[in-house]
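Me: Hi! Could you walk me through the aromatic rings and a charged side chain in this protein?
Reply: Happy to, with the structure in view.

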Amino acid sequence: MNSDIIKRRIEKSVRQAFEEYQAQEDVKTRFADPVFGYISTTHPMFDTFFARGENDHPKNIWRPGYTMIVYYIPFAEEIDRWNEDGSTRKEWLTAIEESRWLAMKVNAAIAELLTKVGRIYSRSSTMMDWDHKKHRYSWSNKIAGYLAGIGTFGPAGSLISEYGYGGRVGTMMTDGVFVKKPEPVEGSILDEEFHKVLTACCFAGADNVHCSEEMIAACPGGAIAEDGIDRARCQAYCATINEADPCPEMCGRCFGFR
């Protein structure tokens with residue numbers, strides 16, 4: 001079956017799963033329409049992130065995978081605004097939790113469709129595989145979203161899209177060839193791109209990081225200084241919200257800054 005046809009069927013299945021979930025009476029969060037991207041698991045930036053300890057490699061997770069299917073489901077615009085003043089933390093955390101359930105439903109829909117068209121597949125992560133020693137997820141869906149062109153990076157590893165900074169990025173891998181094999185890239189270019197990402201994330205120790213006084217003041221955990229975000233302190237504060245999954249999304253108060 002033609003790869004473009006398969007991609008259209010994947011996207012149709014995802015939208016159907018999304019609409020069914022959004023229609024459930026017990027789901028409080030409003031989401032915007034899903035956005036899609038596809039990227040080769042042999043993209044050279046995956047090698048770079050893996051070699052520098054910032055992410056697992058798709059081939060290390062599942063060797064048969066060739067194409068990574070990436071989807072992004074934004075929160076409705078008002079949820080970003082709710083989180084910025086900290087007055088409605090309950091709604092923000094509800095959105096985080098409900099987006100996880102939505103991602104599981106979407107993953108199941110993709111898996112079912114791929115099975116129907118005769119392709120094998122693998123999930124990329126559990127969405128809760130937080131590495132407390134490295135202060136990050138073992139596998140970052142957001143890195144895949146960035147490489148697929150869905151958004152750019154912002155403070156604390158947030159993904160900033162045209163819809164804002166709130167949303168759920170998910171990935172699935174398949175042996176199907178839905179994208180061209182990437183061209184080789186010079187190592188110096190890959191290094192430059194890697195450092196660009198860390199700078200955009202405002203992580204302490206990255207090049208040319210400068211955090212504003214407003215951004216510093218917005219952090220309830222005291223994890224931000226002028227020269228960047230201390231990932232250990234960020235994790236320690238987020239652990240007071242969710243000990244098992246102390247990712248920056250548990251707070252997200254710095255995400256709206258540039």
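Me: How many aromatic pairs does the count come to?
Reply: This is a predicted model, and ring centres must lie within 6.5 Å to pair. By this rule the count comes to 8.

Me: Are the planes of Phe46 and Trp139 stacked, tilted or edge-to-face?
Reply: Planes under 30 degrees apart would be stacked and over 60 edge-to-face. Here the ring centres are 5.9 Å apart and the planes stand at 40 degrees, so the pair is tilted.

Me: How many residues apart in the chain are Phe46 and Trp139?
Reply: Phe46 belongs to helix α2 (residues 44-51), while Trp139 is in the loop between β5 (136-137) and α6 (141-147). The pair thus links distant parts of the chain, 93 residues apart.

Me: And what kind of pair do Trp130 and Tyr137 form?
Reply: Their centres are 5.0 Å apart. With 85 degrees between the planes, the pair is edge-to-face.

Me: Arg168 is buried yet has no salt bridge; which backbone oxygen does its side chain reach?
Reply: Arg168 lies in strand β8 (residues 167-174). A salt bridge needs a distance within 4 Å, but the nearest side chain of opposite charge, Asp245, is 6.5 Å away. At 3.3 Å, the Arg168 side chain instead reaches the backbone oxygen of Ile96.

Notes: Residues are numbered from 1 along each chain as its sequence is written. This is a predicted model: local features need pLDDT of at least 70, side-chain atom pairs count only at pLDDT 80 or more; totals for chains, interfaces and linings use all residues. Side-chain values use heavy atoms; hydrogens and water are left out. Helices (H or I, at least four residues) and strands (E, at least two) are DSSP runs, numbered from the N terminus. Buried means under 20% relative accessible area, exposed over 50%, partly exposed in between (1.4 Å probe, protein chains only). Lys and Arg count as positive and Asp and Glu as negative; His and the chain ends are not counted. A polar contact is a pair of N or O atoms within 3.5 Å; within protein, one must be able to donate a hydrogen and the other to accept it, and residues adjacent in sequence count only if both atoms are side-chain atoms. Rings of Phe, Tyr and Trp (its six-membered ring) pair if their centres lie within 6.5 Å; planes under 30 degrees apart count as stacked, over 60 as edge-to-face and the rest as tilted.
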